[in-house]
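Have the structure open as you read.

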Amino acid sequence: MAVLKVTFTKTNRDKLAQVLWILNWVSVITGIILFSLGLFLKVEIRKRRELMSDEIHSVPNMLIAVGMVACGINFLGGKICYECVDTVKFLRWKLLLLPYIICTFFFTFCILVGALMCYTMRNNLEQSLFLGLRDAMRYYKDTDTPGRCYIKRTIDLLQIQFQCCGNDGYRDWFYIQWVSPRYLDMSSNEVVDRLRSNVEGKYLMDGVPFSCCNLLSPRPCIQHQITNSSAHYNYDSQTEELNLNQKGCRQALLEYYTQIMQSIGLIVLIIWLFELSVLTGVRYLQTSMENVLRLGDPDSESDGWLLENSIAETARYNFNIIKNLGKCYQVDDDPNIDVPSTSQQAQGNVPTQQIPVAS
């Protein structure tokens with residue numbers, strides 16, 4: 001029994017072909033949208049590649065590839081649907097339609113995978129940001145080192161733009177040396193004592209870069225001796241929360257990228273549903289046109305369906321095909337395969353007849 005069988009008149013078939021022709025061209029536009037979204041995400045990730053341990057390009061590359069394939073597939077689908085109005089022209093596409101539908105089905109599955117990847121990228125992104133920001137903060141002081149001189153500017157712009165500080169918070173700066181030795185007065189006893197007090201010889205202090213200062217704070221920024229309440233007038237290090245940005249930059253970036261990914265994932269999911277509906281219409285058009293050819297009357301009614309048999313029968317039929325294909329490559333293990341038959345042995349034992357020679 002056919003699955004979701006629908007009867008079409010000639011007028012209905014013509015209208016279906018015309019609507020599918022329009023929808024395929026709309027799908028070409030959605031392919032361009034997918035390509036643009038992948039390109040946008042790729043650019044956004046590359047903007048802050050210095051702050052990530054690994055460049056996560058699997059999702060944008062997937063969207064770019066799917067978008068390019070969508071343009072090609074739907075362009076071909078539009079041409080097929082346009083010519084399927086005529087029964088004679090349909091004959092040219094008859095053998096190609098079923099492989100086209102199968103390929104398009106797997107293509108729509110790839111779109112769904114791309115949408116799901118947008119929602120599952122968060123964990124990999126969080127780990128990459130944690131390691132990348134940790135290393136970038138260590139290189140903050142290396143303004144004279146080739147290849148690292150831009151790290152300070154990148155982090156300062158990040159902390160100002162996203163109003164964040166450190167990796168998980170402003171206290172992360174307490175455990176690294178973020179001031180270059182070039183700007184340390186080695187003749188000062190305080191500097192020398194601080195260097196000697198650290199096992200690794202680092203200049204650590206309870207201070208943060210200027211970019212950590214909260215722009216909304218009514219008080220001038222306190223970025224040095226943050227934990228020393230007596231070093232500043234009318235200051236309590238335990239309650240003064242408005243003076244520095246409290247949120248860590250990893251959390252700020254993660255929220256930023258997560259919002260982008262969720263928005264892109266929703267758009268891709270809508271495109272997937274749209275492509276699936278177009279594929280369903282093409283399948284109805286194919287089966288109804290094939291039934292017209294069987295009837296031999298182009299103006300007659302014809303049935304269209306998604307599956308000619310039930311889902312269980314279709315699955316069983318395809319399984320048998322795969323099973324038979326496996327048997328074609330199976331080696332015969334019969335031990336008597338090389339043993340000659342009895343008739344062959346009998347023929348071998350018959351004496352040859354001598355031809356008499358004329359005297």
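## A nonpolar patch outside

Keep in mind that this is a predicted model. Helix H1 gives the most to a nonpolar surface patch, with 4 residues. The patch is made of Trp21, Ile22, Trp25, Val26, Phe75 and Tyr82, and together they have about 610 Å² of accessible area. H1 (10-47) and H2 (58-83) each bring at least two residues to it.

Phe75 sits in helix H2. It counts as partly exposed because its relative accessibility is 46%.

## Helix H5 and what covers it

H5 runs over residues 151-161, and its buried residues include Ile151, Ile155 and Leu158, along with Thr154, Asp156 and Gln159. Among the elements covering them are helix H4 (122-138) and helix H7 (249-295). After H5 comes Gln163, with a positive phi near 50 degrees.

## Three disulfides

The disulfide count is 3. Cys164 pairs with Cys249, sulfur atoms 2.1 Å apart, and this link is right-handed, with 90 degrees about the S-S bond. It ties the loop between H5 and H6 to helix H7, across 85 residues. Cys164 is buried at 0% relative accessibility, and Cys249 is buried at 2%.

Cys165 and Cys212 have their sulfurs 2.0 Å apart, in a right-handed link with 85 degrees about the bond. Cys165 is in the loop between H5 and H6, while Cys212 is in the loop between H6 and H7. The link of Cys213 and Cys221 is left-handed, at -80 degrees, with sulfur atoms 1.7 Å apart. Here Cys213 is buried at 13%, but Cys221 is partly exposed at 34%.

How values were computed
Residues are numbered from 1 along each chain as its sequence is written. This is a predicted model: local features need pLDDT of at least 70, side-chain atom pairs count only at pLDDT 80 or more; totals for chains, interfaces and linings use all residues. Side-chain values use heavy atoms; hydrogens and water are left out. Patches are made of residues with over 30% relative accessible area and no salt bridge: like charges are joined within 9 Å, nonpolar side chains (Val, Leu, Ile, Met, Phe, Trp, Tyr) within 5 Å. Accessible areas come from the Shrake-Rupley method with a 1.4 Å probe; for residues, only the protein chains shown count as cover. A salt bridge is a side-chain nitrogen of Lys or Arg within 4 Å of a carboxyl oxygen of Asp or Glu. Buried means under 20% relative accessible area, exposed over 50%, partly exposed in between (1.4 Å probe, protein chains only). Contact means heavy atoms within 4.5 Å. A disulfide is a pair of cysteine sulfur atoms within 2.5 Å.
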